[in-house]
Amino acid sequence: MSHGPAGQGANAEPNLTPLLDVVLQLLMFFMMCVNFVSEQVNEDIKLPKSLAVKPMDKAEADYLFINLKPFAIQDFQDRLPSDVLARVQANFREGDECILVPGKEPMRRNDLRVWLKQQYEDARQVAEQRGAKNVNTAIVIRAHKEADYGQVFEILQMCKNVGYRRLMLRALTKNVPGGAT
Amino acid sequence: MTIRRKTEPGPEPNLPVTPMLDMAFQLLAFFVMTYHPSDLEGQMELSLPSEAITQAKDKEDIKQDAQVDKEQDLKLSANLTVIVRTQRDNVNNGLISGISLQDDAGTGPVDTLDKLRDELKTRRATVENKENIKIQADSKLKWEEVINVMDVCQQAGFKNISFVPPPSGS
């Protein structure tokens, strides 16, 4: 107003800058809250709910994720190249035990054993180079709530036999009505 | 300099805020719509038998039958075992069909998870090992139900839960 030359009339343009500030703040908030579906965490898996789970330790980065769920073809339909999809379809029937690890095709238990051994060996060599005594990788098992106990147990057993010492189970935090017990 | 500016103001910088605001609103709408505050994911750490025991065992049993190894693993020494049964019939498909509690003296049936919690609380007062408990579930039991049983054990005060291999043929 004060800068405007005289005789032009009142400048009726609204001041958008504070509005923009607020909008950008909100934008920032929602962008940060979006759960980026990382490759490691499979969103098709419906985890069981538990009262006993603790919040994750974000500082620790040395995790190996194993996802377990009954096989369902629609999980892979639009996500895999057609040749891989055909192979997967030939190998699995609906409801079969299906193990998913980051960056690999759906696996069965035997493939998992081979993969785990390889991973452990790599981790051991890295640990040796660093002068560490043990492999400190934690195995995180994300089992679908419809998975069988027997399957989860076998995987736990396998990780243990391969040599991993730290095993973790993932679940969703259950809210207790009336506060935590 | 200052005097010159006062007398002759330069062209005012004109920042087009409106298109930027439009875009910001679009982005905001997108993130608002895709925002699903879901349940937080947490984790529980499994307690394995201590390192020393396992290493000693590994040395001794290294050539022994795999089955024996299987029996020993993932187990902690505990006085109590919760045994959970299921049936894959059409009625309870992987749900709990029976719970029983085993201690050194024998096995007794428990009706529901709530009763199991009370029973575990009373037993915990008398047993020697107040931290550890074992769960033996049937192979076909749904994982969700296993987690429920684990919750009950935790509520009763047992901190370390270990798994026993499912009985063969279950």
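## Chain B: contacts and layout

Among contacts in chain B between residues at least 6 apart in sequence, 68% link residues at least 24 apart. The model is predicted.

Chain B has six helices and six strands. Along the sequence they run α-α-β-α-α-β-β-β-α-β-α-β. Of the 170 residues in chain B, 25% are buried.

## Helix pair α5 and α6 of chain B

Helix α5 of chain B spans residues 113-126, and helix α6 of chain B spans residues 143-156. Their axes come within 9 Å and cross at roughly 35 degrees. The crossing of α5(B) and α6(B) is right-handed.

On the α5(B) side, the contact uses Leu113(B), Leu116(B), Arg117(B), Leu120(B), Lys121(B) and Arg124(B). On the α6(B) side, it uses Asn148(B), Val149(B), Val152(B), Cys153(B), Gln155(B) and Ala156(B). By type, the residues of this α5(B)–α6(B) contact are seven nonpolar, two polar and three charged.

## The largest nonpolar core

The largest nonpolar core holds 55 residues. Ile139(A), Ile141(A) and Val152(A) touch the most other members. Helix α6(B) supplies the largest share of this core, with seven residues. In soluble globular proteins, nonpolar side chains tend to be buried together.

## Around Val152(A)

Val152(A) is one of the residues touching the most other core members.

Methods:
Residues numbered from 1 in each chain as written. Chains lettered and ligands numbered in written order. Predicted model: local features only at pLDDT ≥ 70, side-chain atom pairs only at ≥ 80, totals over all residues. Axes fitted to C-alpha atoms, helices over the stretch in contact; angles between N-to-C directions. Helix = DSSP H or I, 4+ residues; strand = E, 2+ residues; numbered from the N terminus. Left-handed = near helix turned anticlockwise from the far one by under 90°. Contact = placed C-beta atoms within 7 Å. Nonpolar A, V, L, I, M, F, W, Y, C, P; charged D, E, K, R; others polar. Core = buried A, V, L, I, M, F, W, Y, C linked by C-beta atoms within 7 Å. Buried ≥ 20, exposed ≤ 12 C-beta atoms within 10 Å, placed from the backbone.
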